[in-house]
There are 2 protein chains.
Amino acid sequence: MERLFGIDPWKLTSDTIDDNKRLQESLTAIGNGYMGLRGNFEEGYSGDTHIGTYIAGVWFPDKTKVGWWKIGYPDYFGKVINATNFIPVDIYVDEHKVDLAVDTVEQFHLELDMKEGVLRRSFVWKKEEVAILFRFTRFVSAHTTELAVVNIEVEMQTGIAELTLIPNLDGNVVNEDSNYEEQFWNELEKGHEPFPFLKTKTKENPFGTERFTVTTMMSNQSESAKKNAEKEQAMYVGERFFYPLKAGDQLTLTKYIAVITSRDVAADQQVEKAANIVKSAMDKGLQSVLKDHLAEWETRWNNADVQISGDDASQQGIRFNIFQLFSTYYGEDPRLNVGPKGFTGEKYGGATYWDTEACILPMYLSVTNEGTFRQLLVYRHNQLEQAYENAANQGLKGALYPMVTFTGIECHNEWEITFEEIHRNGAIAHGIFNYTTYTGNEDYLLNQGIDVLVGIARFWADRVHYSARKQQYMIHGVTGPNEYENNVSNNWYTNTMAQWCLQYTLETLEKVTDDKIRELKVSEEEQQKWTDISGNMYLPKDEALAVFVQHDSFLDKDLRPVNSLDPSERPINQNWSWDKILRSPFIKQADVLQGLYFLNHHYSQEEKERNFNFYEPMTVHESSLSPLVHSILASELGKKEKAFEMYERTARLDLDNYNNDTEDGLHITSMSGGWLSIVQGFAGMRTQTGTLSFAPYCPDQWDSYRFKLNYRERLLNVAVEKTAVTFQLEVGESLIFEVFGQSVTLEDTLTIAIEENSN
Amino acid sequence: MERLFGIDPWKLTSDTIDDNKRLQESLTAIGNGYMGLRGNFEEGYSGDTHIGTYIAGVWFPDKTKVGWWKIGYPDYFGKVINATNFIPVDIYVDEHKVDLAVDTVEQFHLELDMKEGVLRRSFVWKKEEVAILFRFTRFVSAHTTELAVVNIEVEMQTGIAELTLIPNLDGNVVNEDSNYEEQFWNELEKGHEPFPFLKTKTKENPFGTERFTVTTMMSNQSESAKKNAEKEQAMYVGERFFYPLKAGDQLTLTKYIAVITSRDVAADQQVEKAANIVKSAMDKGLQSVLKDHLAEWETRWNNADVQISGDDASQQGIRFNIFQLFSTYYGEDPRLNVGPKGFTGEKYGGATYWDTEACILPMYLSVTNEGTFRQLLVYRHNQLEQAYENAANQGLKGALYPMVTFTGIECHNEWEITFEEIHRNGAIAHGIFNYTTYTGNEDYLLNQGIDVLVGIARFWADRVHYSARKQQYMIHGVTGPNEYENNVSNNWYTNTMAQWCLQYTLETLEKVTDDKIRELKVSEEEQQKWTDISGNMYLPKDEALAVFVQHDSFLDKDLRPVNSLDPSERPINQNWSWDKILRSPFIKQADVLQGLYFLNHHYSQEEKERNFNFYEPMTVHESSLSPLVHSILASELGKKEKAFEMYERTARLDLDNYNNDTEDGLHITSMSGGWLSIVQGFAGMRTQTGTLSFAPYCPDQWDSYRFKLNYRERLLNVAVEKTAVTFQLEVGESLIFEVFGQSVTLEDTLTIAIEENSN
């Protein structure tokens with residue numbers, strides 16, 4: 001655990017440049033769904049730093065790197081690529097380039113305001129008799145997504161000096177993890193009219209995937225500048241501003257930046273489009289542009305804020321989660337999804353892991369509106385054809401959604417993942433189920449969702465095999481959610497989800513139109529086969545222990561709890577060789593328990609209890625997806641201390657750097673963990689049966705908490721205190737739902753007592 | 001199957017340049033244990049070709065290439081590297097560079113003489129009125145291993161032309177499979193005194209492994225040359241010879257080449273050493289140098305030749321095997337071992353797979369002498385310390401011999417192999433057992449072998465785990481010999497070999513001196529632990545089928561025979577995606593049966609029969625190690641047709657390109673398969689119990705066969721005909737052994753009848 005920023009309900013603040021600057025950069029990243037960047041310093045930094053600027057949907061197919069090629073491997077690993085760095089403003093005091101890695105600075109202050117979506121930084125730079133105060137303000141507009149703004153205020157405190165500011169656009173960027181140390185961009189064009197701009201294009205690639213042209217433009221406004229000059233280098237444009245300064249002088253430089261890509265605007269019209277955006281921002285002026293931005297964030301927070309009384313660390317954690325999620329994805333563009341690092345780093349490559357359906361959708365259903373969360377389903381439907389192609393590449397029928405992708409084509413590169421972690425298909429289907437039961441709207445399910453379900457059902461039907469010995473269908477050669485095992489036979493979770501997918505598809509087919517059935521070409525025989533498989537699926541269970549068995553040979557392991565490990569061995573993935581991890585009993589993340597979470601309504605309290613008690617003690621939670629599932633189940637089982645421990649681990653995973661890897665970027669796709677732990681965990685919200693229900697309690701560590709829910713055209717406000725829960729209907733018509741198993745009707749406000757040990 | 005060369009008992013001959021020139025180059029490779037080269041053309045070739053020149057023990061640590069690094073991965077993949085190409089002699093007719101890829105040639109003839117170890121090639125080159133006959137002779141001396149010779153004879157048949165010959169040494173070579181397209185050599189020095197030479201050194205590497213300096217020198221003798229000039233480029237030296245020729249003119253150029261490495265001679269003394277070798281060869285002259293070479297081959301063949309009557313294809317196959325093996329390794333240097341491609345290619349990297357103990361040692365025990373075959377054991381003993389290091393890198397105790405290595409340190413790069421294919425340790429121990437039972441000499445076992453055995457026993461004792469549920473010791477997370485499965489639990493072969501290693505070590509410890517016990521620091525407690533593990537090892541067996549079970553979930557697979565596959569699907573490793581292979585029931589190579597072969601004396605005929613009948617039909621034999629084991633067991637079980645089919649597949653694996661990959665180089669380490677199939681298979685030789693025994697038969701396809709055996713200071717000649725076997729004692733004292741279970745005494749000659757169905 002490593003906490004860089006002070007506790008504050010709405011802000012991340014720090015008065016030091018941390019030794020682990022990469023971690024600080026990750027935590028101060030900002031984004032607006034369209035683009036974003038790490039918390040790099042405008043003036044540059046000669047110490048260890050990871051410069052990162054990313055544009056949603058702009059990627060490169062980095063040729064797969066493996067020791068020994070095997071048939072079916074994806075050709076490339078698709079990577080989020082570092083794009084033109086648009087924030088730099090080099091600063092020279094006389095001949096000296098300002099560099100916080102070596103210079104003397106005082107009063108350093110760094111502040112990410114999550115309510116406003118603004119990053120601020122200030123410091124006093126000193127050398128001999130010269131002291132200069134610098135104040136930086138930065139945001140990427142939530143209102144006009146192609147727009148970013150950097151504002152610099154300078155105050156000469158003592159001495160005399162000539163200040164030079166060189167705002168620039170720098171395309172000389174690389175991905176640290178590129179497989180062949182290749183730069184992914186070529187320069188296409190640059191110029192200074194109407195404003196300085198740089199147009200770059202991703203390089204040719206042998207796989208024929210889309211190439212992207214991006215124009216980045218800046219307009220630098222500084223009324224107090226004495227003169228300026230242009231500056232050009234390869235993949236670079238800059239402007240030079242000189243200011244002879246004496247004590248008391250002040251100046252401001254505002255850099256308006258527009259970023260336009262060929263995803264939206266043809267290459268030859270990008271300069272014009274960028275100029276319009278920059279021009280419009282200049283005309284409005286900084287305060288007005290900022291106001292538009294703040295208004296957008298205010299609306300978002302109004303629908304989604306969670307308030308916690310009595311624990312500012314928790315409060316800060318949940319707001320940081322929501323802030324980063326909305327910075328990454330707000331559903332404007334159906335071609336996009338939620339990448340594992342958002343705009344905060346480039347590790348893992350790709351976008352769209354199964355995390356989207358497992359973690360993001362369940363939260364977005366409640367905190368955004370239909371226009372936003374339905375995009376997540378549309379995205380998968382749009383990629384159905386590619387999912388069929390992925391399966392065909394493995395010689396299989398049906399649709400296999402990718403482990404990770406930009407286009408729908410699999411672009412991960414380890415066989416243990418690509419070929420084996422096929423349970424992802426179950427999560428895709430479960431997303432459709434989740435959407436349908438939450439919204440109560442079967443329109444998507446019966447018209448588009450069923451296309452996806454049929455593709456997935458066909459995949460499972462071809463991927464299982466019949467074991468003559470056991471006379472049951474089995475699935476061999478898989479990696480379950482627990483990625484600390486590979487190539488196992490009959491992972492209970494995978495088999496269970498496969499069975500459920502087949503059943504759900506069959507049930508749904510009964511409701512669709514005859515036209516749809518014909519369009520899908522699903523024969524009676526095919527349905528018969530699915531019925532046979534789902535009715536005869538092998539689901540390993542140990543009768544003596546009364547638990548579901550993670551996979552066929554799991555119980556033969558040297559079973560022991562995580563607390564038998566020496567603390568120096570943890571996290572095991574940073575201390576143990578891979579073979580030792582693979583054969584150990586230690587579980588990376590919820591596996592059997594993931595099934596009990598997804599299909600929560602299928603299992604009894606006793607089944608959940610036994611499996612939780614058996615598996616959780618062996619779980620190291622080294623995946624960011626793990627704590628939320630455990631927190632929710634622990635709440636359901638009345639294990640309040642465990643639930644809170646897991647809440648903290650998910651809500652403050654990055655803020656407290658629990659997994660010691662946040663310097664690579666934030667764990668965006670599990671950012672919903674805090675929210676889910678509160679709403680599905682502490683408040684016990686369930687929707688799987690189609691009926692909304694709650695079983696709330698307030699953790700001992702808190703005084704109270706409240707959250708909002710967008711539910712079937714209503715806005716609910718739920719406040720949970722120690723002894724009572726109050727539901728308030730902010731928008732919409734009266735609603736019937738369940739609390740502690742009792743049906744209630746909410747007209748306006750409703751308060752229900754929470755009994756001690758009601759869980 | 002693809003047969004490029006005509007059938008001939010002693011030669012490979014062809015009158016065409018094959019479209020698959022790489023395959024032709026592999027099959028015409030020559031070597032002398034010290035160095036070797038593929039069958040490239042002296043004059044160059046502009047078509048598809050793989051230039052390859054290799055020097056034993058000269059390698060480079062090519063940085064490991066993987067998608068995602070995991071703890072314990074080896075830093076590098078050690079590669080046999082392409083060294084200075086020393087055979088080139090560029091040929092110009094007037095201004096035209098002779099190039100068989102485009103020029104008109106007639107009477108092309110290519111011939112590898114296996115008896116002599118000489119490669120010959122000739123053709124008539126034609127252009128307009130000019131016709132020139134070229135004859136090439138090439139050998140690497142079996143007598144003076146640093147010496148290679150290329151001789152060119154030219155005859156002007158018609159026309160007039162100016163001929164230019166440019167013999168050269170070309171260091172501009174690359175490994176096609178280098179991970180980062182890196183060249184592995186730097187030029188250190190070059191010159192023309194006393195003869196043209198090039199001195200190169202392997203590049204610096206971050207792993208601190210040995211760097212090699214190699215001097216290659218040539219002396220070109222051509223009395224008929226009219227003039228000559230020197231030629232130099234980067235990494236290149238050449239000499240230019242001009243010959244104005246008219247019809248009837250003849251000329252000869254002899255290129256004497258010396259290759260000296262820092263493995264034997266300090267860098268600053270290499271030029272002198274090379275000059276001595278070249279000078280000495282020049283003084284002797286071509287015929288005398290060739291005579292020395294032929295004499296060495298004659299001796300080798302005298303001790304090892306196998307003669308087959310009635311089947312020239314079989315005869316050619318077995319001689320090609322023996323020829324290539326002796327070209328690769330004849331035990332002169334204890335630092336060397338038998339690389340998977342010998343001097344015929346660079347694929348797989350490394351040298352010294354477990355093939356050495358599994359396939360090479362059993363043959364070398366019989367066809368070479370103690371001075372040669374004992375080196376194979378000494379090699380492992382010398383690398384014991386590194387084996388301890390390999391285990392420590394995985395966090396394990398004891399010694400883990402590498403899957404592949406140059407120095408003893410593991411240098412493979414796939415976790416499924418490196419971490420999991422640990423059964424290799426069993427083969428190392430079995431080599432010691434094999435040597436001891438064959439020679440009857442326990443000296444090595446009790447003084448050096450025991451060091452290795454104790455290291456291996458310690459490894460197994462730490463690598464097993466105790467399954468509380470089954471109350472037995474288990475080994476999870478392994479890859480058995482069948483590399484078409486990974487990360488399985490309780491591979492019967494691995495568990496069986498681990499148990500046997502522990503037992504053999506314990507038995508051996510009872511015979512060693514007290515001093516040795518103290519040196520080894522083996523406590524009573526440690527031995528007690530080994531006794532406990534070996535006595536309680538879980539060995540999966542199916543009672544109903546009465547077979548040993550390949551691993552825990554094997555019998556749940558969709559079991560079906562190879563003949564259920566469509567021929568277009570084979571080989572499956574070139575047609576199926578990896579996941580499909582992994583979960584299929586198809587077996588790459590002997591797995592359970594490998595155990596029945598190694599520990600043949602432990603199992604009943606019935607056990608062998610049942611397991612063979614169960615597993616062989618599911619085996620695709622896509623490893624070169626597979627057919628020999630099946631051929632030997634099939635012979636033992638009286639399955640003569642299967643035995644012969646498997647013999648052909650091993651003996652002519654490369655000549656008939658069964659696995660469609662010989663263009664990458666020959667399968668050197670399985671070259672002993674033909675010999676073992678004859679001697680242990682058809683002739684039924686066994687030595688495991690310490691008693692030599694035979695149960696011979698002659699395959700229906702042959703009239704008879706005979707082979708020689710070096711056995712405990714005797715040279716036996718064994719001739720097997722349809723109805724009788726004749727043993728002849730060529731050297732040594734009388735010998736008692738068993739034939740068909742009956743004890744016999746051989747004084748001079750002994751003939752025993754073979755009864756119909758005696759097997």
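Copies are superposed by least squares on the C-alpha atoms of residues with pLDDT of at least 70 in both. In this predicted model, a rotation of 180° with 0.0 Å of shift along its axis brings chain A onto chain B, with an RMSD of 0.0 Å. That is the relation of a two-fold axis. The residue of chain A that comes closest to this rotation axis is A:Val66, whose C-alpha lies at 2.3 Å. Both copies use the same surface, as 100% of the contact residues of chain A recur in chain B.

How many residues of chain A are in contact with chain B? On the side of chain A there are 48, and they meet 48 residues of chain B. The size of an interface is often given as the accessible area lost when the parts come together. Between chain A and chain B the buried area is about 4200 Å², and carbon and sulfur atoms give 53% of that area. Within chain A, the residues that lose the most area to chain B are A:Trp68, A:Asp556 and A:Arg583, which together account for 18% of what that side buries.

Polar and charged pairs also join the two chains. The count of salt bridges between chain A and chain B is 10. One of them links A:Arg469 to B:Asp542, with the closest N and O atoms 3.6 Å apart. Across the same interface, 18 residue pairs are in polar contact.

Among the elements of chain A, α8 (415–418), β21 (465–467) and α14 (578–583) each supply at least two residues of the side that touches chain B. The largest share, four residues, comes from α14(A). By class, this side of chain A has 15 nonpolar, 18 polar and 15 charged residues.

How values were computed: Residues are numbered from 1 along each chain as its sequence is written. Chains are lettered from A and ligands numbered from 1 in the order in which they are written. This is a predicted model: local features need pLDDT of at least 70, side-chain atom pairs count only at pLDDT 80 or more; totals for chains, interfaces and linings use all residues. Side-chain values use heavy atoms; hydrogens and water are left out. Contact means heavy atoms within 4.5 Å. Buried area is the accessible area (1.4 Å probe) that two parts lose on being put together, summed over both. A salt bridge is a side-chain nitrogen of Lys or Arg within 4 Å of a carboxyl oxygen of Asp or Glu. A polar contact is a pair of N or O atoms within 3.5 Å; within protein, one must be able to donate a hydrogen and the other to accept it, and residues adjacent in sequence count only if both atoms are side-chain atoms. Ala, Val, Leu, Ile, Met, Phe, Trp, Tyr, Cys and Pro count as nonpolar, Asp, Glu, Lys and Arg as charged, and the others, Gly among them, as polar.
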